[in-house]
Structure formats: C-alpha cells, structure tokens
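Morning, everyone. Please bring the model up on your screens. I'll go from the domains to one helix, then to the ligand and the cores.

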Amino acid sequence: MQKNNPGRSGGIERIGRITKNFFLHIHASKVHPFSLKPTYTFGLGIILGMLFIIMVFTGVVLMVYYTPSVDRAYESVKDIIYIVPGGRVIRNLHRWASYGMVIVTFLHLIRVFYTGSYLGGRSRNWVIGVVMFIVVLLMSFSGYLLPWDQLSYWAITIGSNIAASSRELTDLLGITNQFDIGGITKKLLIGGEMVGQPALSRFFAMHVIFLPLTLLILIGVHFWRIRKDGGLSRPLQYAESKHADDNKWYSWPVMMWLELAVFFSLLAVLLLLALFADAPLLEKANPAFPENPAKSPWYFLGIQEMVSYSAFAGGMAVPLLYVAFLFSVPYIDREHDLTGLWFSGRKGLKIALHSALFAFLVIVLQLFVMIRFGWLRDWFPGISQWWVLLFNPASVTAYCFIGFAQVIKRMTGSTRMTAIALFTLSLIGLILFTAVGILFRGPNWEFFWSPARWPTV
Ligand code: HEM
C-alpha cells in the first residue's frame, strides 16, 4: 500500500480521483495501518455490509414470484423451489445470508465491545449499532413467517405470545382488563389474537419495505460516523497527532482489492451452502395442528427458554434490561484511554474469563436443580405467582450477574472492567439459554439430551 506524501500535483490528481470514485465516497482516502490488522476487526463490519447487499439482491428476485396471501404464499414458495429456474438456490442464499447476518451482527457487536470501540467519542455509533442489531433481528423475524408453513406459522405464534408476556404482570396486578399492554403489543405485531392474513400482510410490508429501508439509512449514517469519528478506534499511542496524516496509507486501490476478495470468498461460501443445504419447508400452515415442540426462530430460543420459567421475567424484564445495558454502556463507562485494545489489556481478559466461568456455573447449577428437582411451583404447588416471577432461573441469574458486577466494581474501581464483567456474563447467559432452547428442549418443552430420545407422538 502506498504511503502518504505525493507531490503537490500528485495531491491535486488524487483529489480529482476521489470526487469521481464511488469507493472513496464510502471510505476515507487514507487509513491508519492499525485499522487494517485482520485480528482487530476480522472484517466483520464489511462482511455485514456485503451480506446486506446479497440479501437485497436475492430478496428482490424472490419478491417477483412470492404472493403474500395465506391462500397462495406456501404454493408460491413451492413454485420458487421447484419451478422457477435457480429459485431453490436463490431462496437458500437468502435464508443462509439472513442467518449469517444475525450471527455476524452479534460477532461485530462483541468485537466492538471487547476492543472498547464505543469509547473515544464513538458512543453515538455504538447506539446506532444497537438499533441496527434490533432491526436485523426484526428483519429476520418478519421474513420467517412468509413461507407460511407449519414451522414459520408456529414460530411466529410463539414469538407473538412472547410479545404478550407482560400479561403475567398485569394479571398479577389485576389490571389486564383496563390496561392490557401485552395484548396491545401482540395486536400491533400480528393484527389480532391469532396469526392470519393481517399478520402476513404486516410482516411482508415490514420485511420488504420498512425494515430494509430503515437499515439502509442506518448503515449510511453508521459509515458516515466512522469517518467523522476519525476512522476506526485505535490505542492511545496511535491517536491523532499533528502529523497523523503522514502515518496513514492511501486506501485506494488496495482496500478495494481486499474487499472484493472478501466479497467473492463470502459469496463462494454462501453459494456452496445454498447448493448443498436446503432452507426448511414443512407442510402448509395449519392453525388447528400445533407443532410440538413449537419453537420460535432459533435466535429467540434463549428468550423462549426463559419464558418457560416466567413469562414476564423471561420475555420482558430480562431482555429489556439487556437492551438497556447495551444502550447505556458508553454513557456509564467513560474510561476513554482504554480504547483500541482487546479486553483493554490482560486485566480485562482475566475479568472476562472469570465472569464467563461464574455465568456458566450459575446457569448450569440452576438448570441442574430445575431439571432434577423441579422449581418453586413443584415444591410448593399453592405458592403465589409473584414468588415465581421474582425467583425463577432467569431472574435469579440476573440478580447473580448484577451482584458479581458490583463486586468487580468494588475490587477494581473501574467502569470499563465492570462493563466487561457484565457484558461477558450476559453473553454467556444468552449463549447458554439459547443452546438449551435449540438443543435440549423437546415435546411439551421438556428436557431431552437429544431429539433421538423424544417420545414418538
Ligand atoms: C447491519 C449492521 C452493521 C453494519 C453493516 C456495520 C458496519 C460496520 C463497518 C463496515 C465498520 C468498520 C469496520 C469494522 O469495524 O469491522 C463498523 C464499525 C463500527 N460498528 Fe458497525 N455495523 C453494523 C452493526 C453494528 C452494531 C450492532 C454495533 C454495536 C452495537 C456497531 C458498532 C460499531 C462501532 C462503534 C464501530 C466503530 C468501531 C471502531 O472504531 O473500531 N455496528 N461497522
């Protein structure tokens, strides 16, 4: 890559290139070498942008043949798979890219957090990122219903019941008749009490217009902010100095070649997947025959697992607390000098490892007790639901995590170390609850070591 300091005429020539060059409207013309370290970003942000482009292209093709009506949706998807030339591969590409987007968005969020990249004036971009994370989840969720098969129908039914989970609290307070916030949320989401045509129309509109447009705008602002924030974060020793520009490299054309290489590698991987692994399609949706187990989309199975302990604690309180924590991180932790370094150094890594171990023990121990010996309702059948709401494995896990983070705060006096502890605890919690929901829950949401042990119904 060419270093800075062209002659005066070289500089003018380059300015000319920048104005004509689309690439240089996205990237800054110069980049700090630290930002190119593959082990710093792993290229995750760029991969996300590319996945979004692939989603839009394949989505537009699918939209040509898809009909968003309960009578025709399933058949139109079957047509796409079996009649439209290349339709099966396009549908598979769209599905695997959407799962990829959920996973890579989460990985990108993790990398940005652990490198302290929300610090040093990047708080706004972090907040935009959290909104994008939610939009990516909603985009995937809204697309899930469109095939209108048994899998999608019951997954969205479960998802919409989770949206209504604050009914547990309003029931306990005896105010559901006057203020049914859970019911209102569910109705807003699916347009009624049950998933039907209003839900399909809403999900289709959200999936093909509202959410992609929102995401496109947010991506634009996100990229613009990266440039405004002075490029990617980096450790203090590389921070801007008077001669900062002299240490930077021109991004054109080497970065373009690198990004093209990433794009074609990504496309190759997705194509291989799409050729050899088909996106699922069960029988046409039948509201009279629930799937057992009926599972929400896999990325919400951690929430569904917690909802099985207490609807309000697992479906509302804990997820909202998690999102509030994500939004507030850059405003609670302001130790700007700890930016640009994985885990902010060895101490942060040690705290992350201890937090991971603590989270693992807290959750596995509770799951063991619950599966082996039951929980409050099994021990005291007449117990008030308030006790279950306040003390179930999801809320007890949250209390333990907050307590552990308090201890770290007292011991280190550092907001960054406390944030690392809380982030790691909730990360392990999310992974473990999701894994249990995906791998170990069978008919009637009972625990099984493997689907091979499910009773035949
Ligand atoms: C569709 C979703 C997203 C796209 C397309 C995207 C794209 C990008 C790109 C291309 C970069 C620069 C390269 C890199 O860091 O890998 C970046 C950086 C960044 N992203 Fe994202 N991002 C997305 C979601 C998120 C999320 C969920 C968060 C966090 C909650 C986030 C926060 C940030 C921050 C703070 C930076 C600056 C990092 C630094 O200065 O080191 N982004 N993003």
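Domain bounds here come from an automatic or database domain assignment. A caution before the numbers: this is a predicted model, where local features need pLDDT of at least 70, side-chain atom pairs count only at pLDDT 80 or more, and totals for chains, interfaces and linings use all residues. Residues are numbered from 1 along each chain as its sequence is written.

Domains, then. The assignment gives domain 1 (15-291) and domain 2 (294-457). Taken over C-alpha atoms, the centres of domain 1 and domain 2 are separated by 24 Å. Into their contact go 35 residues from domain 1 and 35 residues from domain 2. Contact means C-beta atoms, placed from the backbone, within 7 Å.

Which elements give two or more residues to the side of domain 1 that touches domain 2? They are H6, H7, H8 and helix H9 (167-173). Helices are DSSP runs of H or I, at least four residues, numbered from the N terminus. H7 gives the most to that side, with eight residues. By class, the side has 21 nonpolar, 11 polar and three charged residues. Nonpolar is Ala, Val, Leu, Ile, Met, Phe, Trp, Tyr, Cys and Pro; charged is Asp, Glu, Lys and Arg; the others, Gly among them, are polar.

Stay with H7. Its 22 residues should span 32 Å at 1.5 Å a residue, and its end C-alpha atoms are 32 Å apart, which agrees. The expected span is 1.5 Å times one less than the number of residues. Its buried residues include Asn125, Trp126, Gly129 and Met132. Buried means 20 or more other C-beta atoms within 10 Å of a residue's own, with C-beta atoms placed from the backbone. The cover over them includes H6, helix H8 (150-163), H11 and helix H14 (311-332).

Now the ligand. It is surrounded by 26 residues, the closest being Thr41, Gly45, Leu48, Ser117 and Gly129. The cut-off is a C-beta atom, placed from the backbone, within 6 Å. H7 gives the most to this shell too, with seven residues. The shell has 15 nonpolar, 10 polar and one charged residues.

Last, the cores. A nonpolar core is a set of buried Ala, Val, Leu, Ile, Met, Phe, Trp, Tyr and Cys residues joined through C-beta atoms within 7 Å. The largest has 62 residues, with Leu51, Ala97 and Met306 making the most contacts inside it.

Note on methods. Buried ≥ 20, exposed ≤ 12 C-beta atoms within 10 Å, placed from the backbone. Contact = placed C-beta atoms within 7 Å.
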